[in-house]
Each structure stands twice: as structure tokens, then as C-alpha cells.
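The following exercises concern one protein chain. Please study the sequence and the structure before reading the solutions.

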Amino acid sequence: MERDNSVGHGSPWADQWGTSNAAAPTGATDKKKSGGGGATAKYKQKVGDGLEKTKSVASTGMKKVKQGTSLGIQWIKDKYRKTTQKN
């Protein structure tokens, strides 16, 4: 009987995981990484744009809340002054 020396068919562990077989999986992995890099940059840009919009909307909203609160407190003060001045 002749022994089959291909990977996964009775060959020793060191032969399966040695440096001679490492080049094939690494090349395949590099192709996947380089292809996904462009998409990652694209999504990072979109997320960055979205965060910038969110930041500006939140800033505008907080200014409106601050202004509304200030007007509300001023209204309450005016009402309190009117009631205390009558007495």
C-alpha cells in the first residue's frame, strides 16, 4: 500500500501546519482584507457624516431648550412679582 501525503489524509500534524502550507491560506486572507478595506472606509465616512449631523442637531436643540427654559423661568418670576406687589 502506498501512503497518501496530502494534507488531512494521514499526514503528521507538523506537515499539515508547517510553514510550507501557510502561504496558501495567508494569500486568500489578504485578498479578503484588502477588498473589505474600501467598504470600511466608506462606512466610516458615512458614520462620521451622520455623527456630525447629529452633533449639530443636538446643539441646536440644546440652544432651543436653554432659551425656552430661560423664558419660562422669566415668566414665572414675572408672575410671582405681580402677585407679591399687590399686597
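A residue is buried under 20% relative accessible area, exposed over 50%, and partly exposed in between (1.4 Å probe, protein chains only). The model is predicted: local features need pLDDT of at least 70, side-chain atom pairs count only at pLDDT 80 or more, and totals for chains, interfaces and linings use all residues. Residues are numbered from 1 along each chain as its sequence is written, and side-chain values use heavy atoms, without hydrogens and water.

**Exercise 1.** Determine what share of the residues in the protein chain is buried.

*Solution.* The protein chain has 87 residues. Of these, 1% are buried.

**Exercise 2.** Identify the partner of Asp-78 in a salt bridge and locate the pair.

*Solution.* A salt bridge requires a side-chain nitrogen of Lys or Arg within 4 Å of a carboxyl oxygen of Asp or Glu. Asp-78 pairs with Arg-81, with 3.6 Å between the closest N and O atoms. Next, because the two residues lie 3 apart in helix α2 (residues 23-86), about one helical turn separates Asp-78 from Arg-81; helices are DSSP runs (H or I, at least four residues), numbered from the N terminus. Finally, Asp-78 is partly exposed at 32% relative accessibility, and Arg-81 is partly exposed at 43%.
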